[in-house]
Structure formats: structure tokens, C-alpha cells
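My notes follow below as numbered points, so please have the model open beside them.

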Amino acid sequence: MITVKALIIREEPSGETSKNVYALTAERGVIRIYVRGGYKSRKNSAATQLFVYSEICAEEKKNPRGETYYYLNSAEPINLFFDLRLDVYKTALSAYLTDILYYSRIEFASDKNDILRLTLNTLYYINEGKKDRALLKSIFEFRLLCDTGLRPNLIGCSQCYKYEDEKMYFNMYSGDLKCEECCNNKESLVGFVFDPKMLYIVRHIALTDFERLFAIEIAPKYQKQLTEFTERYVKYHYNEKFDTLLFYNSL
Ligand SMILES: [Zn+2]
């Protein structure tokens with residue numbers, strides 16, 4: 001039997017009344033848990049709903065192929081993030097963010113606890129509704145990819161080490177920056193141009209200590225560019241098309 005704190009990021013029906021849930025944990029990344037009678041049982045239903053953070057007791061079993069399965073024993077909610085279900089924007093955004101998580105390779109994270117902390121904090125702020133949703137979305141998209149092995153080299157020009165320039169050219173394919181002088185492919189289809197302010201913002205999200213990560217405010221003009229950049233970064237690295245993003249953006 002294991003006891004873990006876990007955030008439910010996906011539910012899938014299994015048979016008439018049961019379900020599988022996918023849960024993000026600090027110790028094991030994303031695990032799949034079978035919840036017998038999950039749609040009927042009063043006892044565990046609140047604690048195994050999408051977006052709920054719970055303490056979960058589960059039995060661990062291995063099949064002959066060595067794959068691990070978990071069977072729910074009991075679950076106790078820690079935070080229901082209740083308001084995420086009351087507002088269509090909040091629901092849609094949370095659905096998109098948990099969707100990216102489901103397709104992320106959490107096993108590549110150097111510290112899985114970072115991923116859980118990033119997700120819980122983002123959902124906390126969305127739930128609370130005081131911070132700008134577009135900013136929360138961008139922070140989550142970019143930092144999640146950074147923390148799962150896709151942090152680009154933003155320290156300076158990869159050729160001459162220049163720290164900043166009027167324009168710096170970022171390439172999604174190589175994941176590096178070039179200054180005006182060193183960049184010989186300024187029209188690249190997988191490129192993105194940063195002015196000094198934009199470069200400061202993306203460096204902040206990629207590199208700053210977690211404690212300061214959400215302590216940033218961005219003017220609307222830059223938020224627009226940042227949204228375009230982080231969405232493109234996700235799109236470039238995931239072949240999945242996220243219907244949840246299309247839905248969120250259609251609202
Ligand atoms: Zn250079």
C-alpha cells in the first residue's frame with residue numbers, strides 16, 4: 001500500500017461505473033489509479049475528481065510485463081480548487097494545462113516535485129482569480145517545458161556570448177539565441193525575435209527561482225507577444241494538437 005499526495009489531472013471511464021484517474025505526484029510523476037465504482041461511490045468521488053489535490057491510499061500491483069498499476073483504497077481531499085468549476089474560463093484553462101501535463105514527459109524532470117509545485121501554484125492562482133490568466137498560462141506553458149528537459153539556452157548569444165542586443169533571435173529548433181550580428185537566418189520559420197524587455201521576461205520564466213516566478217507583471221503589449229511565444233513553444237515540442245487550447249482560445 002502506498003500513500004501519496006496527488007493532483008488528479010485526467011479521468012477516463014472504465015466500464016459502467018468505474019474510472020481510471022491520472023494523478024500527478026511528487027515522488028512518482030504521473031500514475032494511473034483504478035477507482036472501482038468511481039462514478040457511484042460517494043466515499044471517494046469528491047477526492048478523485050479532476051483538478052482535486054488529495055491524499056491517496058492505493059495498492060500497487062505489477063502485471064507480468066512489469067507495468068505498475070494502482071488500485072484506489074481511499075482518498076481524502078486536501079484542496080478541491082472549487083472555483084475552477086464555476087467559471088468557464090477557469091475550467092477551460094485548467095483543462096488545457098492538465099492536458100499538457102498528461103502528454104508531458106514528467107520522467108525527464110530533474111525534480112518531479114517542481115512540476116507538482118508549479119501546477120498547484122498555477123491552479124491556486126487561477127482558482128483565486130486575482131492574477132492575469134494569460135500570464136499564468138504563459139508561465140505554466142514555458143516553465144513546465146523548461147523543467148521537463150526542454151529549457152533553451154537563454155544566457156546569451158550562442159556564438160559571441162553577448163548578453164543582450166536591440167534584437168535577439170531565438171530559434172525553436174536549436175533552442176539557442178543569436179545576436180543581430182551572429183544571426184544569419186533572421187527570417188527562420190522556427191524563429192522568434194526578442195527585444196530586451198521580452199528577453200528579460202522569457203529569462204525570468206525559464207531561469208528565476210521558483211519563489212519569485214509568479215512575481216512579475218507584464219504590459220499588455222508584451223503579454224500578447226509572450227502568449228504567442230509560449231503557445232508556439234508548446235506547439236513546436238508536442239505533436240499533439242490540444243483541443244482544450246482551441247476551446248480556451250475560442251471563448
Ligand atoms: Zn553574437
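**Notes on the model**

1. Asn79 sits in strand E5 (helices, H or I with at least four residues, and strands, E with at least two, are DSSP runs numbered from the N terminus). This is a predicted model, in which local features need pLDDT of at least 70 and side-chain atom pairs count only at pLDDT 80 or more, while totals for chains, interfaces and linings use all residues. Residues are numbered from 1 along each chain as its sequence is written, and side-chain values use heavy atoms, with hydrogens and water left out.

2. Staying with Asn79, its relative accessible area is 29%, so this residue counts as partly exposed (buried means under 20% relative accessible area, exposed over 50%, partly exposed in between, with a 1.4 Å probe and protein chains only). Beyond its neighbours within four places in sequence, Asn79 is in contact with Phe51, Val52 and Tyr53 (contact means heavy atoms within 4.5 Å). The C-alpha atoms of Asn79 and Leu120 are separated by 9.6 Å, with the two residues 41 apart along the chain.

3. Which residue has its backbone nitrogen 2.9 Å from a polar atom of the Asn79 side chain? That residue is Phe81, found in the loop between strand E5 (68–79) and H2. Phe81 has a relative accessibility of 3% and therefore counts as buried. Please look at its backbone too: phi is near 45°, a positive value in a residue other than glycine.

4. Tyr161 also deserves a look, with a positive phi near 65° in a residue other than glycine. As background, most residues other than glycine have a negative phi. Tyr161 belongs to the loop between strand E6 (153–157) and strand E7 (168–171). Is Tyr161 buried or exposed? With a relative accessible area of 67%, Tyr161 is exposed.

5. Thr244, Leu245 and Tyr248 are buried in H8. These three cover an arc of only 100° around the axis, so they lie on the same side of H8 (the arc is that of the directions from the helix axis to the C-beta atoms). The buried residues of H8 pack against helix H2 (88–103), helix H4 (133–150) and H7. Asp243, Leu246 and Ser250 are exposed, on the face of H8 turned away from its buried side.

6. Phe247 itself is partly exposed because its relative accessibility is 44%. Together with Val88, Tyr89 and Leu251, Phe247 forms a nonpolar patch on the surface, with about 360 Å² of accessible area in total. For patches, residues need over 30% relative accessible area and no salt bridge; like charges are joined within 9 Å, and nonpolar side chains (Val, Leu, Ile, Met, Phe, Trp, Tyr) within 5 Å. The accessible areas come from the Shrake-Rupley method with a 1.4 Å probe, and for residues only the protein chains shown count as cover.

7. Thr230 is placed in helix H7 (residues 220–237). This threonine is buried because its relative accessible area is 1%. Its side chain makes a polar contact of 3.2 Å with that of Ser138 (a pair of N or O atoms within 3.5 Å; within protein, one must be able to donate a hydrogen and the other to accept it, and residues adjacent in sequence count only if both atoms are side-chain atoms). Neighbours within four places in sequence aside, Thr230 is in contact with Ser138, Glu141 and Phe142.

8. How many salt bridges does a search of the whole structure find? There are 14 (a side-chain nitrogen of Lys or Arg within 4 Å of a carboxyl oxygen of Asp or Glu). One of them joins Glu231 and Lys137, with the closest N and O atoms 2.6 Å apart. This pair links distant parts of the chain, as Glu231 is in helix H7 and Lys137 in helix H4, 94 residues apart. Lys137 counts as buried because its relative accessibility is 2%.

9. Lys162 and Asp165 form a salt bridge too, with 3.5 Å between the closest N and O atoms. At 36% relative accessibility Lys162 is partly exposed, whereas Asp165, at 15%, is buried. Lys178 and Asp176 meet through their side chains in a salt bridge of 3.8 Å, N to O, and both residues are buried.
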